[in-house]
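Let's take a walk through this structure, starting inside one chain and then moving out to the pairing of chains. Have a look at the picture first.

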There are 2 protein chains.
Amino acid sequence: MDTSRRNLLCGLGGLALGGAVAGLTAPAMAAVDPNAPAGRFSQVNGEFGWKPHKLDPAEVAMVAYDGYWYKGYACGYGVFYSIIGLMGEKYGAPYNQFPYAMLEANKGGISDWGTICGALYGAAAAYALFWGRKERTPMVNELYRWYEVTKLPIYNPGDKATGVKGALPQNSSGSVLCHISVSKWCYAHKIEATSKERSERCGRITADVATKAVEILNAKIDKGKDWKGTFAVQAAVAGCGECHQTKGNDANWAKGVMDCTPCHNGSKALADKFNNHP
Amino acid sequence: MDTSRRNLLCGLGGLALGGAVAGLTAPAMAAVDPNAPAGRFSQVNGEFGWKPHKLDPAEVAMVAYDGYWYKGYACGYGVFYSIIGLMGEKYGAPYNQFPYAMLEANKGGISDWGTICGALYGAAAAYALFWGRKERTPMVNELYRWYEVTKLPIYNPGDKATGVKGALPQNSSGSVLCHISVSKWCYAHKIEATSKERSERCGRITADVATKAVEILNAKIDKGKDWKGTFAVQAAVAGCGECHQTKGNDANWAKGVMDCTPCHNGSKALADKFNNHP
């Protein structure tokens with residue numbers, strides 16, 4: 001009796017046993033459930049209402065790497081679990097009630113589309129459980145600017161490597177986009193995008209991003225509103241933005257703060273490859 | 001007594017009242033909590049374990065549009081809430097226990113970086129609560145390919161418009177990236193990226209993406225494994241992929257299935273704008 005009552009009252013954790021019942025009668029239950037949100041757009045625990053906890057970057061790196069390989073759930077899952085999942089292991093709810101596999105959608109830059117590096121999204125999503133836009137954006141900027149300019153991967157699991165053991169070549173991607181990050185690395189080092197080396201590279205970058213993300217998170221917890229990032233806005237973003245992101249300018253049409261140079265550089269890679277392949 | 005006990009046992013829903021207690025004693029509690037996951041990488045309700053429910057696309061469109069404007073939480077929040085939040089309003093837990101504001105991270109293509117259109121991410125994330133990779137990827141492909149080629153925005157809230165009332169110009173973005181989608185629309189129609197018109201455009205596209213996403217979701221629920229998308233892979237992705245995404249090819253270095261043509265077309269916009277601005 002107590003068990004079924006708990007299922008009626010509990011949220012994410014209750015469906016495992018109470019799913020069949022909830023499926024039939026949930027609308028009426030929701031109306032009397034003391035744990036239901038108050039109305040449209042309201043949410044339990046409040047928006048950005050979770051309490052952040054400091055984590056050990058070395059432990060986070062290992063869990064992120066292992067998370068990358070767990071059932072192939074990959075980069076976004078690895079980073080997100082290494083932060084929120086580890087908090088769940090150490091502090092219980094609400095962290096351990098999250099449906100982590102949702103972050104598998106990030107694999108390959110969102111279902112293989114090659115958009116944002118899923119590892120980077122996983123970190124932004126984790127931050128967004130704790131901090132609203134104003135405080136979070138500088139944290140995201142710091143992580144993403146670091147990613148653009150840092151030679152990756154750095155992490156080396158040694159003999160515990162799941163894919164390929166030993167050192168891997170590094171480069172700086174210049175971009176937060178999965179397509180550019182992966183393709184430039186593969187092109188530079190003559191490694192196939194579908195190879196085990198490339199998978200291992202992304203597993204290690206998952207650990208690198210998680211490490212940096214948690215260093216930022218720990219510093220933010222320590223310094224609060226006084227925390228500031230160390231990476232300046234990219235020269236191209238600042239320069240191009242003087243016209244293309246300034247109110248009242250006829251050319252104020254550009255959205256985004258990705259470094260402009262990987263795409264707006266007139267390189268051979270950006271020539272008309274579809275109609276006039278060299 | 002019963003209230004505090006419920007807080008100990010419940011997950012996401014329990015922190016509102018029990019947060020202070022959980023912060024102090026959660027590690028021990030987690031060990032005996034019957035709603036805690038079984039171990040590392042396990043999760044309550046199972047991976048991709050939520051039950052999907054059909055929704056009314058017209059209701060979803062309205063909620064997505066309103067969600068876009070709710071506290072400026074924008075596109076990803078709007079689409080995600082219009083699916084998972086509406087299921088929460090109708091069916092209770094686990095849907096209504098989700099920390100929806102997490103999706104605010106998607107605003108401006110992830111904290112203004114201009115990567116993936118946040119509305120598109122919101123839909124992929126919602127799908128990932130219900131379906132694993134193999135079944136979900138064709139759904140994401142259908143939605144994203146539709147977005148690349150469809151003239152948007154379509155939705156018109158009429159007199160209920162929050163930003164700018166009346167018709168807005170349409171175009172097809174050719175890209176799932178926020179930067180390209182927004183910038184091409186602004187450039188084509190001589191509308192500033194920081195204008196109310198542009199915000200309204202993205203609010204309506206939030207409704208459009210949610211509508212299409214739920215049409216796909218409803219059809220998937222009806223047809224199950226027999227569901228198939230209608231949009232073919234883009235000509236450039238198929239053509240370029242013959243070398244750049246084929247195992248064993250020396251040029252197999254490309255990750256992603258975004259349409260290649262917006263960037264690899266040799267257009268003036270891709271010339272060396274930083275060093276040699278025309």
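Start inside chain A, where 5 residues of domain 1 touch 4 residues of domain 2. Keep in mind that this is a predicted model. On the domain 1 side of that contact in chain A, you'll find 2 nonpolar, 2 polar and 1 charged residues. As for where these domains lie, the assignment for chain A puts domain 1 at 57–226 and domain 2 at 235–264. Taken over C-alpha atoms, the centres of domain 1 and domain 2 of chain A are 27 Å apart.

Now for the two chains together. How many residues does each chain bring to the contact? Chain A brings 100 residues, and chain B brings 100 residues too. On the chain B side, several helices supply at least two residues each, including these:

| Helix of chain B | Residue range |
|---|---|
| Helix 1 | 2–9 |
| Helix 2 | 15–32 |
| Helix 4 | 74–91 |
| Helix 5 | 118–127 |
| Helix 6 | 133–149 |

Helix 2 of chain B gives the largest share of that side, with 9 residues. Sorted by class, the chain B residues that touch chain A come out as 55 nonpolar, 29 polar and 16 charged.

How do the copies relate?

Definitions and conventions: Residues numbered from 1 in each chain as written. Chains lettered and ligands numbered in written order. Predicted model: local features only at pLDDT ≥ 70, side-chain atom pairs only at ≥ 80, totals over all residues. Contact = placed C-beta atoms within 7 Å. Helix = DSSP H or I, 4+ residues; strand = E, 2+ residues; numbered from the N terminus. Nonpolar A, V, L, I, M, F, W, Y, C, P; charged D, E, K, R; others polar. Domains from an automatic or database assignment.
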